[in-house]
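Thanks, everyone. I'll start with charged pairs, then go inside.

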Amino acid sequence: MSTTILLTGGAGYIGSHTLIALHEAGYQPVILDNFSNSHPAVLERLERITGQPVRVERGDVLETPWVEAVLRRHQPVGVVHFAGDKAVGESVANPLKYFHNNIGGAVSLLRAMAAVHADGTAPAAPTLVFSSSATVYGDPASVPITEDFPRSHTNPYGHSKLVIEDMLTALRTASPVWRVGVLRYFNPVGAHPSGLIGEDPADIPNNLMPYVTQVAVGQRPYLNVYGNDYPTPDGTGVRDYIHVQDLAAGHVAALQALLGGSESFTVNLGTGHGHSVLEVVKAFEAASGRPVPYAFAPRRAGDVAQCYADAALAKRLLGWEARHTLHEMCADAWRWQSGNPNGYRG
Ligand code: NAD
Ligand code: UD1
């Protein structure tokens, strides 16, 4: 039986950490990526960590015949679909890019997987793990958030995740042979403890942790804390930060479950605990030994006060739970940023 797993978008932040976790679990990962939001230098880093050549197919998931050829060539028993665009602000400014690349990319991949299954060349039932997001909960009525909360969207990025989730449901209704694990990530942060790979935003970071690390390393003068009048203990926004290593382990658990014959599922990948912006700043200062100056700024449009997971379902279905502390998330993010101030471009 093949142990190959195809990772679309596998050169990106979450995909690269998942590749290592899959390698450590005995799988043979193959990356499919067009490097639109990643750097080929990650590949050499992955080879140093795994001690093995990294198998890569460079190309676009939108090219269905090529994706089909990749599937025939590598015969994966499962696919993890990370490829897509993820910048919320850009999705508001350029919605068609998001509908095209995210929804179009998913359609293309699913059609390619269906084709190799239909003609009997696939080694197993079509098995897919999909990168969804807590953004599908919109502005939740309460916390913690369970998977049965109503879904909504506030921007085209979130809308694209919602449409893909619905598409996967329709596909399973039409063809029950599909095995699908939908993973709703909360706020992935941190880096591999080696400090060799991590998050490498191409532009000014939108997300909190990469912004904080750039302030600490001296690339930006201070952090804008968006809002200090939320109904939270210290007035700043509360989120469920999860170490990317835990998230990577969640993908291994999801694949093991699906390949072991489990029903399809949709689960939250979070820690179940919320931390405020100021708690993250304090934790980061403690882990890095560097000051993180900040100033309060108005609330950011589209932000919610609190968002954290009820993580019980993933534990029950997959035997998975997050293990790393906020301190470890900060220490590992700092090791990556301080060792690679210019990310992979340095
Ligand atoms: P990332 O941008 O680092 O990785 C995505 C990868 O996909 C990149 O390497 C990019 O080059 C590749 N890609 C994009 N379009 C492609 C295409 N058409 N063909 C081939 N490759 C393509 O992002 P990430 O943070 O690793 O996120 C991975 C997935 O998880 C995304 O779908 C994202 O929406 C989702 N997600 C991320 C977060 C987060 O905070 N990082 C949170 C929730 C969900
Ligand atoms: C954001 C996206 C969400 C997406 C997720 C991916 C928005 C509105 N939401 O979530 O759709 O799925 O990223 O990881 O963009 N903060 C600051 N200063 C900063 C940056 C952030 O104070 O410079 C605060 C935010 O107001 C928030 C918290 O830090 O309270 C976390 O922000 P961020 O890392 O951007 O994540 P989300 O807003 O949860």
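Start with Asp119 and Arg72. They form a salt bridge, with the closest N and O atoms 2.9 Å apart. Keep in mind that this is a predicted model. Where do the two partners sit? Asp119 is in the loop between α5 (95-118) and β5 (127-133), and Arg72 is in helix α3 (residues 64-74), so the pair ties together parts 47 residues apart in sequence.

Next pair: Glu90 and Lys97. Their closest N and O atoms are 2.9 Å apart, and they form a salt bridge. Glu90 is partly exposed at 32% relative accessibility. Lys97, at 31%, is also partly exposed.

Then Arg300 and Asp303. Their side chains meet in a salt bridge, 3.1 Å from N to O. Arg300 counts as partly exposed, with 35% relative accessible area. Asp303 is partly exposed at 23%. There is a network as well: Arg151, Glu165, Asp166 and Arg184 are joined by salt bridges that share partners. How many salt bridges does the structure hold? The count is 15.

Now the inside. In soluble globular proteins, nonpolar side chains tend to be buried together. Here, the largest nonpolar core has 44 residues. Which of them touch the most other members? Ile5, Leu46, Leu183, Phe265, Val267, Leu269 and Leu318. Elements that each supply at least two residues include β1 (4-8), α2 (41-50), β6 (179-185) and β11 (265-269). The largest share comes from α8, with 9 residues.

Take Leu318. Leaving out residues up to four places away in sequence, Leu318 touches Ala253, Ala254, Ala257, Phe265, Val267 and Leu313. Another core lies apart, with 24 residues, among them Leu6, Leu32, Leu71 and Val182.

Last stop: α1. In this helix, 10 of the 12 residues are buried, so α1 is largely enclosed by the rest of the structure. Among the buried ones are Tyr13, Gly15, His17 and Leu19. What do the buried residues of α1 pack against? β1, β2 (28-33), α2, β6, β7 (187-189) and α8.

A quick check on its length. At 1.5 Å a residue, the 12 residues of α1 should span 16 Å, and the end C-alpha atoms are 18 Å apart, which agrees. After α1 comes Gly26, with a positive phi near 95°.

That's my tour. Over to you.

How values were computed: Residues numbered from 1 in each chain as written. Chains lettered and ligands numbered in written order. Predicted model: local features only at pLDDT ≥ 70, side-chain atom pairs only at ≥ 80, totals over all residues. Heavy atoms only, no water. Core = buried A, V, L, I, M, F, W, Y, C linked by side-chain atoms within 4.5 Å. Buried < 20%, exposed > 50% of the residue type's maximum accessible area, 1.4 Å probe, protein only. Helix = DSSP H or I, 4+ residues; strand = E, 2+ residues; numbered from the N terminus. Contact = heavy atoms within 4.5 Å. Expected span 1.5 Å × (residues − 1). Salt bridge = Lys/Arg side-chain N within 4 Å of Asp/Glu carboxyl O.
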